[in-house]
Amino acid sequence: MKKALISVSDKTGLLDFVKQLITLNFEIISTGGTYKLLHEKGIPVTMIDEVTGFPEIMDGRVKTLHPKVHGGLLCLRNNEHHLAQAKENQIDMIDLVVVNLYPFKETIAKENVTLAEAIENIDIGGPSMLRSAAKNHLFVTVVCDANDYQKVIDEIKNNGDTTFETRRKFAAKVFRHTAAYDATIAGYLTDQLGENETENLTVTFSKKQSLRYGENPHQKACFYAGKPQGFSMAFAQQLHGKELSYNNIQDGDAALNIVKEFMTEPVMVAIKHKNPCGVGIGKNVEEAWQRCYDADPVSIFGGIVATNQTIDEATAEAMKNVFLEIILAPAFTEKALEILTTKKNLRIMTFETSRKNEDKNVFLSVNGGLLVQETDTASVQDYEYNVVTEKTPAESEMNDLLFAMKVCKHVKSNAITLAKEMRTIGVGAGQMNRVGAAHIALEQAKTAGFTKGIVLASDAFFPFDDVVKMAHQYGVTAIIQPGGSMRDEDSIKACNELGISMVFTGVRHFKH
């Protein structure tokens, strides 16, 4: 009779699986809560201490860490020396291991969990059994995922055993599983200590979905999710529309990062190619949408929009005739959904606005390496405001300046944003020089009919006074920038001569 060792925290599908194993002539060995469940259901099961001859001790911390368990898992059945030692030490072979681990990830996700609670949910015996069985997958079948139960049953029924190919796949899955488990523990304990720049970087993500392709059709792609958090495409819920694409996810992420800058005012953000083409604040979501749309009615075509407000019927009516890829909002009214779901392919998504578990770091892959930096959380409350010109911005100009800088922070460098009355009217993104970025934004504003009372934000300092002089020709009356150039005085002097007010923030927002 073959032996199966089963010890699971998640008991989904367990009873039916075990009953089928028994019909296939397996003896079931189990531990703790799993044994109790099977025994109560009248299923023949052997307690682990009957196998080891040693009781569970230390509140169950030590029960399977025993030679009669790991010898039965690691013994090479084609090695006479191993078999002789097993016989000498009365070690029976274990043919199937079914283990899933203590719910450490779920435990640390709970509100107000203590360090002691987290540590008690670090599984030791489970990973040890999984690793032993996986190492010896030439002879032992190891299962860590309830989704694989039926495959095991089917193969044993058809072949008398699982195939080597299946055992090999399951073994690789186990090592991914235990690696992710350990990475979660390492990350939690590291965060508890507040350590940075550790000798090894251990992060783990779980597959959310396969994607049709990557940035281009010839590139394969998948989407993985980390810790649950708000303002996240990884945990947004899709209510309607076709499957998300790789580029959709990137654009949605860019939109949500800008929305996050505005916690109280109704805001609408439109994104194309990870850059904002329109951002507007209004007294309500409908007005915010209209200001966002009016900022660039050409570029918004085929774009992605996001807001921090519930989409209502009036806003949905205003949006429905514009071709959009995604609409992201915390919620939609029933009437709004009725209107928007008439568009078959439009992706309608909701997201959480919680600030819990926000990413502290940003990762960027390079050939053969990974760059890690702190997330740019600096915002208007962190600026060291310094009006450096003779003229001081009016209150309305200052409001527009801060609005423009919130947006500029999320525009690819070199970046210039123009604003008037709490909406963008020009965006210059990703240019090789600041004059080029300014020219694009200023021409956009001019084409839209804005020729005076414009404010300008720059993500980094002006190396020369050329942007100031150009801005004046297009009707810019106030500028905000970090300052810090060796030629700051040239720009300040030009502003004074041209009647422009300028504010230094002391904080740069490069975004490569």
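**Stop one: the cysteines**

Select Cys144 to begin: with 12% relative accessibility, Cys144 is classed as buried (buried is under 20% relative accessible area, exposed over 50%, partly exposed in between, using a 1.4 Å probe and protein chains only). Before you go on, note that this is a predicted model, where local features need pLDDT of at least 70 and side-chain atom pairs count only at pLDDT 80 or more, while totals for chains, interfaces and linings use all residues. Residues are numbered from 1 along each chain as its sequence is written, and side-chain values use heavy atoms, with hydrogens and water left out.

A disulfide here is a pair of cysteine sulfur atoms within 2.5 Å, and the structure holds zero of them. Cys408 is likewise in no disulfide, with the nearest cysteine sulfur, in Cys277, 15 Å away. Cys408 is buried, at 0% relative accessibility.

**Stop two: a helix pair**

Next, show residues 466-473 as helix α17 and residues 488-498 as helix α18. Helices are DSSP runs (H or I, at least four residues) and strands are too (E, at least two), numbered from the N terminus. How do the axes of α17 and α18 cross? They come within 8 Å and cross at roughly 20°, where axes are lines fitted to C-alpha atoms, for helices over the stretch in contact, and angles run from 0 to 180 degrees between N-to-C directions. That makes α17 roughly parallel to α18 (angles under 35 degrees count as roughly parallel, over 145 as roughly antiparallel, 65 to 115 as roughly perpendicular and the rest as oblique).

Contact means heavy atoms within 4.5 Å.

**Stop three: two threonines**

Pick Thr184, which sits in helix α10 (residues 164-193). Thr184 is buried, at 19% relative accessibility. Setting aside residues up to four places away in sequence, Thr184 touches Phe104, Lys105, Ile108 and Thr204.

Finish at Thr505, in the segment after β21 (501-504). Is Thr505 buried or exposed? Thr505 is buried, at 0% relative accessibility. Beyond neighbours within four places in sequence, Thr505 is in contact with Tyr383, Glu384, Ile480, Gln481 and Pro482.
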